[in-house]
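Biologist: I would like to learn how to read the sites where other molecules sit in a model. Could we go through one together?

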Amino acid sequence: MPKTTTQIQLIQPDDWHLHIRDGEVMKDVLADTARQFARAIIMPNLKPPVTTVDLANAYRGRIEANLNALGISSFTPLMTLYLTDNTSADEVRKAKSEGIVGLKLYPAGATTNSDAGVSDIKRCYAALEAMQAVGLPLLVHGEVTSADIDIFDREAVFIDQVLEPLRKDFPELKIVFEHITTRQAAHYVRDAQTSGKNSLAATITPQHLLMNRNAIFAGGIRPHNYCLPVLKREEHRIALLEAATSGNPRFFLGTDSAPHAKGAKEAACGCAGCYSAFNALGLYAEAFESAGKLDKLEGFASFFGSDFYSLPRNTKKVTLVKQAQSIPAELPLGDATIVPLRAGETIAWTLA
Ligand code: DOR
Ligand code: ZN
């Protein structure tokens, strides 16, 4: 009988795609992430969006103030800019010189706070030229937005209509295809011919590794399992799990943990986003264990992202133990509450 694994040691992971919002609620969600991760890429889709280096620096200041108030000194936020039709090449060069790690492409109307997003990628060519030249990655929300494209096809159509032409025009641009949800995306990233080193990668969320679209409709509508890009069929989940656990450095951890208050989710027009930050590492461990690939978790969670972004790997070690943790039904979120992913259930793995 093979011995069952009950704990694993790994270099401390980072979260390469995270929403922490702003104002009162930030402190609550920041604490969950900082308990597990050393660094996280902070998404810029605030209201108004973080479109300039000055706004990003001010946002970083507010994050640091919250970290100080929480007594946390071991966590580093990595800042991004929100790409718009008007982002200039000068702003891109300033971003590079001030330590911004990437620019986020939200096709206008694709998701939460994306109204100011890009209306036509061709309008961004000056910014993209500059990003390619200075080596700043483009982080992509990969969905087309036209109402006539079925919501389950939007990612696959994005590959053909936007990503492939973009990669032809900018062969040396570093691109992260964020929170991929389909077999098409997993195979596209796996099989892409790249001329630059590491010029295409993808992040994968815990919910897309663990659930398929049935989870949105299990016995009734389940708003807390609704995110964008939306969960897909089982065949896609299997392809994502295969990619994440393959040891291919093009795939790495990005939770896309996206907090919305309970009332904004449980509504006639509920917001998109799953709050996975409470025990994200436990969720990933569960997914990797289900594939018999716990040995591949460290590369995915702790090495490949920092390698892609040319940042040093972390050195501190953490231990994940197989010890059931109950997920609370609700958690505080400013003066409201939030329902975390798998609320009221137990997760087998947790950080020691
Ligand atoms: O489900 C999502 N929520 N997907 C996104 O792309 C944005 C995010 C959010 O900010 O709430
Ligand atoms: Zn996101």
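Modeller: Let us begin with metal donors, which are N, O and S atoms within 2.8 Å of the metal (3.2 Å for Na, K and Ca); water is not among the atoms, so sites may look incomplete. This is a predicted model, in which local features need pLDDT of at least 70 and side-chain atom pairs count only at pLDDT 80 or more, while totals for chains, interfaces and linings use all residues, and side-chain values use heavy atoms, without hydrogens and water. Residues are numbered from 1 along each chain as its sequence is written, with chains lettered from A and ligands numbered from 1 in the order in which they are written.

Biologist: Which protein donors does the zinc ion (ligand 2) have?

Modeller: They are His-17 (NE2), His-19 (NE2) and Asp-256 (OD), lying 2.0 to 2.1 Å from the zinc ion, and in sequence these donor residues follow the spacing H-x1-H-x236-D. Both His-17 and His-19 are buried, a word that stands for under 20% relative accessible area (1.4 Å probe, protein chains only).

Biologist: Which polar contacts does ligand 1 make with backbone atoms?

Modeller: A polar contact is a pair of N or O atoms within 3.5 Å. A nitrogen atom of ligand 1 is 3.0 Å from a polar backbone atom of Ala-272, and an oxygen atom of ligand 1 is 3.2 Å from one of Gly-273. Taken alone, ligand 1 exposes 290 Å², and the protein buries 100% of that, as computed by the Shrake-Rupley method with a 1.4 Å probe.

Biologist: What does His-19 do at ligand 1?

Modeller: An N or O atom in the side chain of His-19 is 3.3 Å from an oxygen atom of ligand 1.

Note on methods. Polar contact = N/O pair within 3.5 Å; in protein donor to acceptor, adjacent residues only side chain to side chain. Buried < 20%, exposed > 50% of the residue type's maximum accessible area, 1.4 Å probe, protein only.
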